[in-house]
Amino acid sequence: MMSAKLFKMSPRKVAEILKSHLDNQIDWIEKIDIAGPGFINFFIKPTAWYPVLHDIHQKNNDYGRCDIGKDKIVQVEFVSANPTGPLHVGHGRGAAVGDIIGNILSFCGYKVIKEYYINDSGRQIKTLGRSVYLRMLDLLGRTVDFPEDCYQGDYILDIAKDILQSKGKELGEWDTEKAIVYCSRVAADVILDGIRTDLRQFGVIHDTWFSEQTLYDEGKVDAAIISFKNKGIVYEHDGALWFKTTDYGDEKDRVVVRANGLTTYFASDIAYHKDKVDRGLDWIIDIWGADHHGYVERIQSVMKALDVDIQRLDIILIQLVSLLRNGEPVAMSTRSGEFVTLKQVIDEVGTDAARFIFLTRHYDSHLDFDLELAKKQTNDNPVYYVQYVHARISSILTKAEAEKGITTIQPSDSGLERLTAAEEIDLMKRLVEFPELIKLSAQMKEPHRITFFLMDVASLFHAYYNQHRILSDDIELTHARLYLVSAIRTVIRNGLTLLGVSSPHKM
RNA sequence: GCGCCUGUAGCUCAGCUGGAUAGAGCAACGGACUUCGAAUCCGUAGGCCGGGGGUUCAAGCCCCUCCAGGCGCGCCA
């Protein structure tokens with residue numbers, strides 16, 4: 001239809017001509033029809049689908065893998081939560097999305113580096129130290145004001161107790177500044193350790209942990225500022241140093257060094273992204289919470305100022321998560337320190353369910369995470385629906401061996417040609433799409449596509465299972481169906497593996 | 001006020017980057033276990049794709065505008 005104008009013919013006419021050239025030319029085509037305004041429908045012979053089963057069995061765990069990445073190095077930076085408190089559900093979503101995007105890209109032939117940027121410098125770390133210090137003084141029986149802008153959570157008190165235990169009361173006698181610095185360091189270490197542990201439990205392992213402080217220690221922040229100053233991109237005004245982001249599309253210039261001499265968060269971020277570029281990364285993916293979207297333009301400006309092709313940087317914004325219980329919002333308030341941590345969530349619902357549910361929406365959509373729903377072992381909860389396919393097929397294969405003595409599936413050509421049921425054809429059609437789907441998920445950086453695909457395959461399988469018997473006295477047909485069913489299991493398993501979700505043999 | 005995201009069935013969401021009669025799940029109603037795992041399946045019903053303009057042979061998708069919700073808009077991080 002798109003070529004109709006080019007040929008100056010009606011779309012139907014073009015279709016007729018194409019059809020006349022293609023008719024009886026391709027052996028896997030049953031027939032060709034023209035429909036509606038000029039759509040050409042190709043009817044594929046059932047035999048055309050069988051090779052996909054051989055393909056899946058041959059490639060097995062590698063079915064779906066491709067090499068579009070051509071060994072290019074891509075860094076996915078995600079979570080990167082400040083080490084001032086434990087991870088919460090929102091971080092969990094970012095963790096799941098980032099981890100899985102990394103898995104997919106790796107499956108597609110990229111060299112993937114998963115990185116965590118640690119904001120271990122600056123004011124919030126000092127506030128952390130002050131919070132711990134004040135709690136400690138409190139424990140020592142001194143009456144102190146605990147300001148509102150300090151961290152209120154119970155974990156602060158726990159850390160204060162630990163420090164008191166290891167360091168004794170002498171810390172109370174230290175110079176305040178010195179004690180706060182000490183508390184800052186210890187607290188950040190403890191919290192970061194906790195974050196690491198929680199992430200590991202959640203199945204997320206970062207390859208590199210990049211400390212903001214090292215950028216200062218190694219002089220990279222100063223170096224970046226000086227280099228931009230020399231290029232005239234950083235200038236002085238009102239006693240502060242400004243980055244000329246307006247030259248690159250931002251609505252106003254941004255401060256890099258304040259009039260009081262202290263650098264802003266933006267300063268270290270400039271150095272950090274310059275460092276990423278200097279490391280020779282072919283592709284940089286930053287995954288942030290959507291509340292940081294105002295920052296996108298700033299970082300893009302930095303890349304432009306560095307003369308880096310803007311295509312090399314992708315910033316993915318994850319929308320917020322609301323935590324619900326039975327449809328009712330769970331009160332979350334950072335200020336009061338009352339919030340549900342990621343650890344509490346995965347302890348309650350399990351890693352598999354949590355990871356899967358985080359991927360049941362496009363990251364552009366707000367997500368309601370219902371704790372009760374996540375625990376339900378019913379159709380409401382898609383994790384078990386998909387995992388059930390894997391368990392069911394595993395069970396069938398076990399049964400085939402126990403009752404029919406089938407240890408290796410050996411389908412004959414004539415057997416495969418009997419897979420003509422509509423459900424069987426539909427399943428093979430879906431399975432053949434898997435590699436294309438993976439590629440698309442990688443290119444679009446949209447991991448939720450895999451979740452939806454798996455739910456779709458699961459639905460087709462369950463319907464098939466209820467309609468047709470896999471194991472029967474018809475040995476030839478049994479082998480053919482086992483061949484199909486174990487191919488389905490492979491695809492389900494490969495998909496779940498990318499999602500970091502287990503593929504159970506029993507549930 | 002400005003910017004970003006979202007708006008699709010009663011509810012929660014998909015919609016393969018512009019194609020045919022817009023799809024799932026849940027909830028509702030009616031069915032299926034003597035047989036491979038009922039954590040399953042089958043059927044019924046449910047729609048001005050937020051409103052209005054525009055581009056196109058063709059728009060849920062692209063452009064403009066308005067409405068509603070969320071999030072941002074510091075010499076904070």
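**Exercise 1.** State what share of the 507 residues in chain A is buried.

*Solution.* Buried residues make up 48% of the 507 residues in chain A. The model is predicted, and the figure is a total for the chain that uses all residues. For the surface, chain A has an accessible area of about 24,600 Å². Carbon and sulfur atoms hold 49% of that area.

**Exercise 2.** Describe the fold of chain A by its secondary structure, its extent along the principal axes and its contacts.

*Solution.* Begin with the elements: chain A has 19 helices and 13 strands. Next take the C-alpha trace, which spans about 90 × 60 × 40 Å along its principal axes. Then turn to contacts with a separation of 6 or more: 72% of them join residues 24 or more positions apart.

**Exercise 3.** How far apart are the mean positions of the positive and negative charges of chain A?

*Solution.* Chain A carries 60 positive and 72 negative charges. Their mean positions are 2 Å apart.

**Exercise 4.** R392 is buried. Work out which side chain of opposite charge is nearest and which side chain R392 joins through a polar contact of 3.0 Å.

*Solution.* 
1. Locate the residue: R392 belongs to helix α15, residues 382–404.
2. Look for a polar partner: the side chain of H462 is joined to that of R392 by a polar contact of 3.0 Å.
3. List the surroundings. Neighbours within four places in sequence aside, R392 is in contact with F461, H462, Y465 and N466.

Notes:
Residues numbered from 1 in each chain as written. Chains lettered and ligands numbered in written order. Predicted model: local features only at pLDDT ≥ 70, side-chain atom pairs only at ≥ 80, totals over all residues. Heavy atoms only, no water. Helix = DSSP H or I, 4+ residues; strand = E, 2+ residues; numbered from the N terminus. Buried < 20%, exposed > 50% of the residue type's maximum accessible area, 1.4 Å probe, protein only. Contact = heavy atoms within 4.5 Å. Areas by Shrake-Rupley, 256 points an atom, 1.4 Å probe, with all protein chains shown as cover. Lys, Arg positive; Asp, Glu negative; His and termini not counted. Charge placed at Lys NZ, Arg CZ, Asp CG, Glu CD. Salt bridge = Lys/Arg side-chain N within 4 Å of Asp/Glu carboxyl O. Polar contact = N/O pair within 3.5 Å; in protein donor to acceptor, adjacent residues only side chain to side chain.
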